[in-house]
Amino acid sequence: MSQIEYITVKNASRKVLNHMRQIGIEKAQRLQKIQERWENGEYKNVEVVQL
């Protein structure tokens with residue numbers, strides 16, 4: 001059994017685990033780009049409502 005964040009998959013194949021891992025990596029990259037843009041001041045008059 002493997003757990004990735006809030007998703008639990010029982011008896012997951014290696015292909016499923018690799019795909020889930022890739023999704024996590026892509027999400028982290030997107031969040032990093034957003035963080036960089038935020039720090040560079042590209043977002044103006046923005047209110048954060050949920051993280």
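**Briefing on a predicted β-β-α chain**

Asn-11 lies in the loop that runs between β2 (7-9) and α1, where helices (H or I, at least four residues) and strands (E, at least two) are DSSP runs numbered from the N terminus. The model is predicted, so that local features need pLDDT of at least 70 and side-chain atom pairs count only at pLDDT 80 or more, while totals for chains, interfaces and linings use all residues. Residues are numbered from 1 along each chain as its sequence is written, and side-chain values use heavy atoms, with hydrogens and water left out.

**Fold and confidence**

- The secondary structure comprises 1 helix and 2 strands, which follow one another along the sequence in the pattern β-β-α.
- The mean pLDDT (the predictor's confidence in each residue, from 0 to 100) is 83 for the chain, with 88% of its residues reaching 70 or more.
- Among the elements, α1 has the highest mean pLDDT, at 91, whereas strand β1 (residues 2-4) has the lowest, at 56.
- Where pLDDT is low, the predicted coordinates should not be read in detail.
- The 26 residues of α1 should span 38 Å at 1.5 Å a residue, and this agrees with the 37 Å between its end C-alpha atoms, the expected span being 1.5 Å times one less than the number of residues.

**Backbone and exposure**

- Asn-11 has a positive phi of about 55° although it is not a glycine, and its relative accessibility of 75% makes it exposed (buried means under 20% relative accessible area, exposed over 50%, and partly exposed in between, with a 1.4 Å probe and protein chains only).
- Gly-41, which follows α1, also has a positive phi, in this case near 80°.
- Of the 51 residues of the chain, 2% count as buried.
- The accessible surface of the chain (Shrake-Rupley method with a 1.4 Å probe; for residues, only the protein chains shown count as cover) comes to about 5,200 Å², and 51% of this belongs to carbon and sulfur atoms.

**Side-chain contacts**

- A search of the whole structure finds 1 salt bridge, defined as a side-chain nitrogen of Lys or Arg within 4 Å of a carboxyl oxygen of Asp or Glu.
- This salt bridge joins Arg-37 to Glu-42, with the closest N and O atoms 2.9 Å apart; Arg-37 is partly exposed at 38% relative accessible area, and Glu-42 is partly exposed at 45%.
- The structure also holds 1 aromatic pair, formed by Trp-38 and Tyr-43, which is tilted, with 6.3 Å centre to centre and 40° between the planes (rings of Phe, Tyr and Trp, the last by its six-membered ring, pair if their centres lie within 6.5 Å; planes under 30 degrees apart count as stacked, over 60 as edge-to-face and the rest as tilted).
- Trp-38 is partly exposed at 42% relative accessibility, and Tyr-43 is partly exposed with a relative accessible area of 30%.

**Nonpolar surface**

- Trp-38, Val-46 and Val-48 make a nonpolar surface patch of about 280 Å², a patch being made of residues with over 30% relative accessible area and no salt bridge, with like charges joined within 9 Å and nonpolar side chains (Val, Leu, Ile, Met, Phe, Trp, Tyr) within 5 Å.
- Val-48 belongs to the segment after α1 (14-39).
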